[in-house]
Amino acid sequence: MVEAYKPLYTAKQTAQILLVNVATVYELMNKGQLPYLILGKGNGSRKVRGSDLEKFIESQKPAEPQGGAE
C-alpha cells in the first residue's frame, strides 16, 4: 500500500507495492509511464514520488474478464 506520508520510494519499494519485479519498474520509468526523480551525484538514483505512484495506480484500467467456460 502506498503510504500517504512517505514522499519517495525506491525502485525496489515501488516494485513491492506494484507486486512486480524491479526490472518492470525500470521499464515503466524508461517508457515514461511512471514518473521519477533522479537524486544524487553522477548517475544518481531514481526515486518515485508517492503522489506519482498513486496517480499511476489510479490510471490503470481494471483487467477485462477472460472468456471461457468454467
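**Strands and helices**

Guide: Strand β2 (residues 37–39) and β3 pair in the antiparallel sense, over three bridges. Two strands count as paired if DSSP finds at least two bridges between them. Helices (H or I, at least four residues) and strands (E, at least two) are DSSP runs, numbered from the N terminus.

Visitor: Where does this model come from, and how are things counted?
Guide: This is a predicted model: local features need pLDDT of at least 70, side-chain atom pairs count only at pLDDT 80 or more, and totals for chains, interfaces and linings use all residues. Residues are numbered from 1 along each chain as its sequence is written, and side-chain values use heavy atoms, with hydrogens and water left out.

Visitor: Back to β2 and β3. What do they form?
Guide: β2 and β3 form a hairpin, with five residues between them. In the turn, G40 has a positive phi of about 105 degrees.

Visitor: Which residue of β3 is opposite L37?
Guide: L37 stands opposite K47. L39 stands opposite S45, also in β3.

Visitor: And how does β1 pair with β3?
Guide: β1 (residues 8–10) pairs with β3 in the antiparallel sense, over three bridges. There, T10 stands opposite K47.

Visitor: What is the strand order in the sheet?
Guide: The order is β1-β3-β2, in an open sheet of three strands with antiparallel pairing. β1 and β2 stand at the edges with a single partner strand each, so one side of each has no neighbour in the sheet. The twist averages 45 degrees from one strand to the next. Axes here are lines fitted to C-alpha atoms, for helices over the stretch in contact, and angles run from 0 to 180 degrees between N-to-C directions.

Visitor: How many helices and strands in total?
Guide: Three helices and three strands. From the N terminus on, they run β-α-α-β-β-α.

Visitor: Which strands does α1 lie across?
Guide: α1 lies across β1 and β3, running at about 90 degrees to β1. α3 also lies across β1 and β3, at about 65 degrees to β3.

Visitor: Let's switch to α2. Which residues are buried there?
Guide: In α2 (residues 22–30), V25, L28 and M29 are buried. Buried means under 20% relative accessible area, exposed over 50%, partly exposed in between (1.4 Å probe, protein chains only). Down the axis of α2, the buried residues fall within an arc of 100 degrees, so they line one face of the helix. That arc is taken from the directions from the helix axis to the C-beta atoms.

Visitor: Why do helix residues end up facing the same way?
Guide: An α-helix has 3.6 residues a turn, so residues three or four places apart point the same way.

Visitor: What's on the face of α2 turned away from the buried side?
Guide: The exposed residues A23 and N30.

Visitor: What covers the buried residues of α2?
Guide: The cover includes α1 (11–18), β3 (45–49) and α3 (50–59). Contact means heavy atoms within 4.5 Å.

Visitor: What happens at the ends of α2?
Guide: N21 caps the N-terminal end, with a side-chain oxygen 3.2 Å from the backbone nitrogen of A23. Just after α2, G32 takes a positive phi of about 80 degrees.

Visitor: Tell me about M29. What does it touch?
Guide: Leaving aside neighbours within four places in sequence, M29 is in contact with A11, L34, Y36, R46 and V48. Its relative accessible area is 3%, so M29 is buried. The C-alpha atoms of M29 and V48 are separated by 9.3 Å, and the two are 19 residues apart along the chain.

Visitor: Now α3. Which residues are buried?
Guide: G50, D52, L53 and F56. Down the axis of α3, they fall within an arc of 160 degrees, so they line one face of the helix. K55 and E58 are exposed on the other side. Cover for the buried residues of α3 includes β1, α1, α2 and β3.

Visitor: Why does D52 count as buried?
Guide: Because its relative accessibility is 11%. Not counting residues up to four places away in sequence, D52 touches L34 and P35.

Visitor: Last one. How much of the protein is buried?
Guide: Of its 70 residues, 20% count as buried.

Terms used
Polar contact = N/O pair within 3.5 Å; in protein donor to acceptor, adjacent residues only side chain to side chain.
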